[in-house]
Amino acid sequence: MAYWLFKSEPDVWGWDAQVAKGDVGEEWGGVRNYQARNHMRAMKIGDLGFFYHSNIGKEIVGIVEVCAESHPDSTTEDARWDCVDIRAVRPLARPVTLAEVKADPRLKDMALVTSMRLSVQPVTPEEWRMICELGGVEP
């Protein structure tokens with residue numbers, strides 16, 4: 001299993017909207033960055049990810065699961081852009097802020113710190129365990 005982080009502006013698509021989609025999940029469309037798209041192309045059903053509120057809050061608020069592998073993004077007719085579908089699994093007991101991540105020396109190499117603008121990012125197994133610990137959930 002691989003781990004990921006998905007960034008979304010909560011005033012556009014937040015955790016509550018993701019949860020409301022239920023087990024069907026939602027297409028993670030609209031991504032127009034080749035590196036982020038390539039990360040989605042590498043995802044497999046069952047991979048887990050953190051749901052991160054960017055701009056407002058700047059915090060990891062929940063865990064999602066990939067429920068459909070890479071397919072054409074329905075928000076464009078341009079064949080270069082793919083996406084995956086994700087479903088909400090559970091919220092973190094306590095959101096983990098960007099400030100906390102940056103302050104923890106164990107997380108200094110996390111893509112959330114080093115590649116701040118990338119909307120879909122890989123997360124290492126060690127980073128996954130540490131964020132789950134900080135968020136008060138089992139990995």
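This report walks through a predicted protein model, from its overall build down to single residues.

## How the model is read

Because this is a predicted model, local features need pLDDT of at least 70 and side-chain atom pairs count only at pLDDT 80 or more, while totals for chains, interfaces and linings use all residues. Residues are numbered from 1 along each chain as its sequence is written, and side-chain values use heavy atoms, with hydrogens and water left out.

## The overall build

Let's start with the whole chain. The protein chain has 5 helices and 6 strands. Here helices (H or I, at least four residues) and strands (E, at least two) are DSSP runs, numbered from the N terminus. Read from the N terminus on, the elements follow the order β-α-β-α-β-β-β-α-α-β-α.

The radius of gyration of the chain is 14 Å, close to the 14 Å that the globule rule gives for 139 residues, so the chain is as compact as a globular protein of that length. (The radius is taken over C-alpha atoms, and the globule rule is 2.2 Å times the number of residues to the power 0.38.) Along the principal axes, the C-alpha atoms fill a box of roughly 40 × 30 × 30 Å. Of the 139 residues, 45% count as buried. Buried means under 20% relative accessible area, exposed means over 50%, and partly exposed lies in between, using a 1.4 Å probe and protein chains only.

## The largest pocket

Rolling a probe the size of a water molecule over the atoms shows where empty space is left. On a 1 Å grid over the protein atoms alone, a cavity is a set of points where a 1.4 Å probe fits but cannot get out, and a pocket is an open set with protein on both sides within 12 Å along at least five of seven lines; lining residues have an atom within 4 Å of a point. Grid points are joined across faces, edges and corners, and a volume is the space filled by probe spheres set on the points.

The largest pocket holds about 610 Å³ of space. It is lined by 20 residues, and the closest to its centre are Lys7, Ser8, Glu9, Ser54 and Ser119. Strand 1 (3–8), strand 2 (26–27) and helix 3 (98–103) each give at least two residues to this lining. By type, the lining divides into 7 nonpolar, 6 polar and 7 charged residues. In this count Ala, Val, Leu, Ile, Met, Phe, Trp, Tyr, Cys and Pro are nonpolar, Asp, Glu, Lys and Arg are charged, and the others, Gly among them, are polar.

## Salt bridges

Side chains of opposite charge can pair when their charged atoms come close. A search of the whole structure finds 9 salt bridges, each a side-chain nitrogen of Lys or Arg within 4 Å of a carboxyl oxygen of Asp or Glu. In one of them, the closest N and O atoms of Arg32 and Asp73 are 3.0 Å apart. Arg32 lies in the loop between strand 2 and helix 2 (34–42) and Asp73 in the loop between strand 4 (59–72) and strand 5 (82–97), so this pair ties together parts that are 41 residues apart in sequence. Arg32 is partly exposed at 37% relative accessibility, whereas Asp73 is buried at 3%.

Asp82 and Arg41 also form a salt bridge, at 2.8 Å from N to O. This pair links distant parts of the chain, with Asp82 in strand 5 and Arg41 in helix 2. Glu65 and Arg87 meet at 2.5 Å, N to O, joining strand 4 to strand 5 across 22 residues. Salt bridges with shared partners bring Asp23, Glu65 and Arg87 into one network.

## Aromatic pairs

The structure holds 6 aromatic pairs. Rings of Phe, Tyr and Trp (its six-membered ring) pair if their centres lie within 6.5 Å; planes under 30 degrees apart count as stacked, over 60 as edge-to-face and the rest as tilted. Tyr3 and Trp128 form a stacked pair, 4.5 Å centre to centre with 20° between the planes. Tyr3 lies in strand 1 and Trp128 in helix 5 (residues 125–135), so the pair ties together parts that are 125 residues apart in sequence. Both Tyr3 and Trp128 are buried. Elsewhere, Phe6, Trp15, Trp28 and Phe51 form one aromatic cluster.

## Two loop residues with positive phi

Most residues other than glycine have a negative phi. Asn55, although not a glycine, has a positive phi of about 65°. Asn55 sits in the loop between strand 3 (48–53) and strand 4, and is exposed at 52% relative accessibility. Lys58 has a positive phi near 45° and is found in the loop between strand 3 and strand 4.
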